[in-house]
Each structure stands twice: as structure tokens, then as C-alpha cells.
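Here are my notes for your read-through. Please keep the model open beside them.

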Amino acid sequence: MALVDVKGVSFAYGVGEFRRQVLKNVDLLIDRGEIVILTGPSGSGKTTLLTILGGLRLAVTGSAVVLGRELVNSDENVRMGVRRQIGYIFQQHNLFWPLTAMENVCMALELDDRLSEDERRQRAGDMLTEVGLADHLDRRPKQLSGGQRQRVAIARALVSRPTLVLADEPTASLDKASGHEAVNILKRLAKDYGATILLVTHDYRILDIADRVITLEDGAITPTRAPSS
Ligand SMILES: Nc1ncnc2c1ncn2[C@@H]1O[C@H](COP(=O)(O)OP(=O)(O)OP(=O)(O)O)[C@@H](O)[C@H]1O
């Protein structure tokens, strides 16, 4: 069974004369372990689709089965259950400024009451080491570079070993070298842990990390092409 199985999803913002159709009959299948990049022009509906698949926005038309649960017309508790199995990475890393790198990553484990405080710190430290920040555990975001902050965000998204990682423009605020480094780390960790990634980007420099690139234009998926390598 596909990890993400979308059929005929449409979505509009607003009502009446302000109604704007943003997604038009979208179909999308993503298998377990795949790294899929979703690209396309600004305003084509990429973030809207990502937030629907992440259980952050409710769609009412079509079908979107994510991690085995139907999200279209779903109850909030279904979406919450799915959200708990997803790691999110955003353009702005969304780290908490007063907290250290270690504390930011530990926060992602706070819902898991099977872990003791020591185990959380151990796992967070291990994951920060994996992203190359073993020497920066006690630094706060303002003491880190943009690329290092995004690596903390990657560690935070992956520390709970999510089945699915959704990333929205994760390299948009990074230079070429740190953007590429960040997504390569993300790819390596996803492959190590068997996670599936759906990543929205305009950044053609990172298309080569994908197993598959799909394009959204004016709310509709255009035919799939192989990633340029
Ligand atoms: N909350 C909202 N209310 C009304 N319209 C919205 C809302 N969010 C997005 N839109 C509109 O929906 C369309 C699609 O937006 P979306 O953010 O999904 O596109 P995108 O492809 O991710 O764009 P970008 O690449 O610029 O981030 C845009 O025209 C946008 O202005």
C-alpha cells in the first residue's frame, strides 16, 4: 500500500466571489521510502497540497489517504494521529530562540512518555551528532549559522523517527553549499531510517536528491519526469 495515496483532491480558498480554486483534481501516489520533490511556479498550490497531506488543513473533495488514514473530511483526532507520525521542516526553521539546539530537538520527543528525560537527551544528542552538530548542543539559534539552524530543524524533524517527512522550501534561506549539505543530510537520514520524504522546492539545485520530481502547475499535476542528475 502506498504511504500517500491521493485521488481527485480539489481545494479552494474563500467563498462566493472570493472563492479561488487552488488544487484541481490532484492524483499522487508515494511509496514507502521514496524521496519525492514537488516543484512548480509560485502560487501553483504546492504548500496547500503539503499542508493537506500533513493534516494541517482540511480538504473536503476527493480522497487523501496518508499513513493509512483518510484525511479528506476527517475528524481533528484523525489528523492529530497522522501529524504525530510526520516530521515537518519549514523554510524558516521555526526553532525556539531561547532554547538550545539540544532543547529544541528534545521538544519533539516530549509527547513520547515512554522515554525518560535521560533517554530524550541521549536521542537528541545522537541526532544532532548525525547532522554534524555534536559540538553545538548548547548553542542557541542566534549563535548558529543559517545552515546549522536548518540542520537542527532536520534533527528535530527526524528524532522521533517519523514514517513521513514533509519539508516546505527547506533551502530557501540558505546559500547553495549549505542548502545542498542540509538536504543531503536529510536524504541520508531518511534512507537510514526508512523514512519517506515529500519536499516542496523552487530550488532546482537540489532536484538531484529526489527519486522522483513532480510538478504542480496552476493546481494540477503535470506529467512526471526523471530527476536531472
Ligand atoms: N490562507 C489562504 N487564504 C487565501 N488564499 C490563499 C491562502 N493560502 C494560499 N492562498 C493562495 O492560494 C494559492 C496557492 O498558494 P500556495 O501557497 O499553496 O502556493 P505555492 O505553490 O506553495 O506558492 P509558493 O511557491 O509561492 O510558496 C496562491 O494564489 C495563494 O495566494
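The points below go from the ligand to the core, a helix and the sheets.

1. Ground rules. This is a predicted model: local features need pLDDT of at least 70, side-chain atom pairs count only at pLDDT 80 or more, and totals for chains, interfaces and linings use all residues. Residues are numbered from 1 along each chain as its sequence is written.

2. Ligand shell. The ligand has 13 residues around it, and Tyr 13, Ser 42, Lys 46, Thr 47 and Thr 48 come nearest. A residue is near a molecule if its C-beta atom, placed from the backbone, lies within 6 Å of it. Helix 1 gives the most to this shell, with three residues. Strand 2 (20-30) and helix 1 (46-53) each supply at least two. Helices (H or I, at least four residues) and strands (E, at least two) are DSSP runs, numbered from the N terminus.

3. Nonpolar core. The largest nonpolar core has 64 residues; Val 105, Val 165, Ile 197 and Leu 198 touch the most other members. Helix 5 (residues 146-158) supplies the largest share of this core, six residues. Such a core is a set of buried Ala, Val, Leu, Ile, Met, Phe, Trp, Tyr and Cys residues joined through C-beta atoms within 7 Å. Buried means that 20 or more other C-beta atoms lie within 10 Å of the residue's own, with C-beta atoms placed from the backbone.

4. Ile 197. Not counting residues up to four places away in sequence, Ile 197 touches Ile 35, Val 36, Val 165, Ala 167, Leu 186 and Ala 190. Contact requires C-beta atoms, placed from the backbone, within 7 Å.

5. Helix 5. Is this helix enclosed or open? It is largely enclosed by the rest of the structure, because 11 of its 13 residues are buried. Among these are Arg 149, Arg 151 and Arg 156. The buried residues of helix 5 pack against strand 6 (86-89), helix 3 (101-107), helix 4 (117-130), strand 7 (164-168) and helix 6 (176-193).

6. Strands 6 and 7. These strands run parallel, joined by four bridges. Ile 86 has Leu 164 of strand 7 as its bridge partner. Ile 86 and Tyr 88 point one way from strand 6, Gly 87 and Ile 89 the other way, and all are buried.

7. Four strands form an open sheet in the order 2-1-4-5, with antiparallel pairing. Strand 2 and strand 5 (69-70) are the edge strands, each pairing on one side only. Two strands pair if DSSP finds at least two bridges between them. Strand 1 (residues 4-13) and strand 2 share seven bridges. Phe 11 stands opposite Leu 23 in strand 2.

Technical notes:
A residue is buried if 20 or more other C-beta atoms lie within 10 Å of its own, exposed if 12 or fewer, and partly exposed in between; C-beta atoms are placed from the backbone. Two residues are in contact if their C-beta atoms, placed from the backbone, lie within 7 Å.
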